[in-house]
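Q: I've got a chain open here. Walk me through it, and keep it brisk.

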Amino acid sequence: MQAILNATGNQEEFVKDLFVSLGKIPTLIHAMILTEVWKHKVFPIICKLQDFNPKSTFQLYMVIHHEATTINLLETIMYHKESSEAADDSVLDLVDYCHRKLTLLAGRSVSGEIPTEDRITHTELLDTGSVQDLQRQSDMLEFEISIKALSVLCYITDHIESLSLSVLSRMLCTHNMPCVLVQLVENCPWNRGTLEKYTEGMWRPVLPEDQLKLNKHDGQVWMALLNLILKPDCQRKYNFNSFNKAQLLKLCGFLTDVVIDQLPNLLDLKQFLSQLAVTDPVAPKHDLILEQVPEIWNNIVMENSNKWKAIAKFQVTHVFNPSESELREQASRLSQTYNLDVMENLIPDKPKCGACGRMGAKRCSRCQGEWYCNRECQVKHWPKHKPACKLMAEAIQRL
């Protein structure tokens, strides 16, 4: 939450800095993929257990939502080049993760399986009466996770020059990511015709004057394509064979003047595609190299092969069926964990007044993000703080 608030308010992103300096981004990626494996391998078994009827599905919800929470955090911190570099070898696993999510998103869009309801909020948890309801909500949440994976992939392509050759090869040769992105351009899973667009976790009606306006997700697909097709390293590595060429040329029909006016960089892409239509680029050289491969997913699956049913039964007995006293204890721990004052105490430097720079004694009650030493400084600083305060307060409501 703090990372998102800092990024939204254009403040110093100390959460990102801590993840980078402590080398914890690979741990974050591992936790996300571990949750993904659990949802694929263990959760379906739990849903089929007829004798499992817990008093509360809160613990299951927390595990399911953990993947969404982690990808939200990664979306925020992977914007920066140093984060991509700090991910080290696990960026390969992150690329594979994004490919799985985007192919799922494209496939569901083609088959008409995009959810029509808004994302899950914490208030909906109160209405979750059964494990089957939770499974349905998990499917809805998968759509938003896939949208976040698009953002992460776009940021990785922005920094492709600073990453290893294995990452480039994984995106262009193993997964043929440009063709996956072409499918997203064709189907636009975040649009319902010209009536609604999926923005900031919600389906929102589109005003008539905004029907041709690109949203964030449209822009991210185009920028990722621009990076993967036009960057020199990518052009040398990508195989523009007849199939890939035919897929990329489909983009010409979408590169209208209205789109290019909104993203002028796409003019370079349009010119390249015009040349590609009448030429046959030289095939890339297949040099003998040692290539890294992602390990996290495969290691987790191999280590627990043929154990999924046993894991599900153990978790049902010891984790997901707590007593009332255990539920109260967990709720108390969570309340303490997410207490803003407790989190502030974890920061080495004490908060400073936003107006005069002295040690802060009270925080803004609306956004909870700015500190002041007294009431006079807060009133004096309000005209300057007001725009950021509004943005941060809106971000808190969305969270």
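Q: What share of the contacts in the chain with a separation of 6 or more comes from residues 24 or more positions apart?

A: Residues 24 or more positions apart account for 72% of those contacts. Contact means heavy atoms within 4.5 Å. Before you go on, this is a predicted model: local features need pLDDT of at least 70, side-chain atom pairs count only at pLDDT 80 or more, and totals for chains, interfaces and linings use all residues. Residues are numbered from 1 along each chain as its sequence is written, and side-chain values use heavy atoms, with hydrogens and water left out.

Q: How many helices and strands in the chain?

A: The secondary structure comes to 20 helices and 5 strands. These are DSSP runs, numbered from the N terminus: helices are H or I with at least four residues, strands E with at least two.

Q: And what percentage of the residues count as buried?

A: 45% of the 399 residues. Buried means under 20% relative accessible area, exposed over 50%, partly exposed in between, with a 1.4 Å probe and protein chains only.

Q: Let's do helix pairs. At what angle do the axes of helix 3 and helix 5 cross?

A: Roughly 145°, with the axes coming within 9 Å. Axes are lines fitted to C-alpha atoms, for helices over the stretch in contact, and angles run from 0 to 180 degrees between N-to-C directions. Helix 3 covers residues 25–41 and helix 5 covers residues 58–77.

Q: Left-handed or right-handed, that crossing of helix 3 and helix 5?

A: Left-handed. That label applies if the near helix is turned anticlockwise from the far one by less than a right angle, and right-handed if clockwise.

Q: Which residues of helix 3 and helix 5 make the contact?

A: Helix 3 brings a list including Ile 25, Leu 28, Ile 29, Met 32 and Trp 38. Helix 5 answers with residues including Leu 60, Val 63, Ile 64, Ile 71 and Ile 77. By class, the contact has 13 nonpolar, 3 polar and 3 charged residues. Ala, Val, Leu, Ile, Met, Phe, Trp, Tyr, Cys and Pro count as nonpolar, Asp, Glu, Lys and Arg as charged, and the others, Gly among them, as polar.

Q: At what angle do the axes of helix 3 and helix 7 cross?

A: Roughly 35°, and the axes come within 10 Å. Helix 3 passes helix 7 in a left-handed crossing. Pro 26, Ile 29, Met 32, Ile 33 and Glu 36 in helix 3 meet a set in helix 7 that includes Asp 93, Tyr 97, Arg 100 and Lys 101. The contact divides into 6 nonpolar, 1 polar and 4 charged residues.

Q: How about helix 11 and helix 15, at what angle do their axes cross?

A: Roughly 50°, again with axes that come within 10 Å. Helix 11 spans residues 216–230 and helix 15 spans residues 266–278.

Q: Why are helix 11 and helix 15 called oblique?

A: It follows from the crossing of roughly 50°, so the two helices are oblique to each other. Angles under 35 degrees count as roughly parallel, over 145 as roughly antiparallel, 65 to 115 as roughly perpendicular, and the rest as oblique. The helix 11 crossing with helix 15 is left-handed.

Q: Which residues meet in that pair, helix 11 and helix 15?

A: Trp 222, Leu 226, Ile 229 and Leu 230 in helix 11 meet Leu 266, Asp 268, Leu 269 and Phe 272 in helix 15. The class count is 7 nonpolar, no polar and 1 charged.

Q: Change of topic. Lys 245: buried or exposed?

A: Lys 245 is buried, at a relative accessible area of 13%. Helix 13, residues 242–249, holds this lysine.

Q: What does Lys 245 touch?

A: Phe 240, Leu 276, Ala 277, Thr 279 and Asp 280, leaving out residues up to four places away in sequence.

Q: And where is Asp 280?

A: In the loop between helix 15 and helix 16 (296–303). Asp 280 is exposed, with a relative accessible area of 66%.

Q: How many disulfides?

A: 0. A disulfide is a pair of cysteine sulfur atoms within 2.5 Å. Cys 173 counts as partly exposed at 44% relative accessibility, while Cys 188 is buried at 19%.

Q: Phi of Asp 88: positive or negative?

A: Positive, near 55°, in a residue other than glycine. Asp 88 lies in the loop between helix 6 (81–86) and helix 7 (90–110) and is exposed at 52%. Asn 306 has a positive phi too, near 65°. Asn 306 lies in the loop between helix 16 and helix 17 (308–318) and is exposed at 76%.
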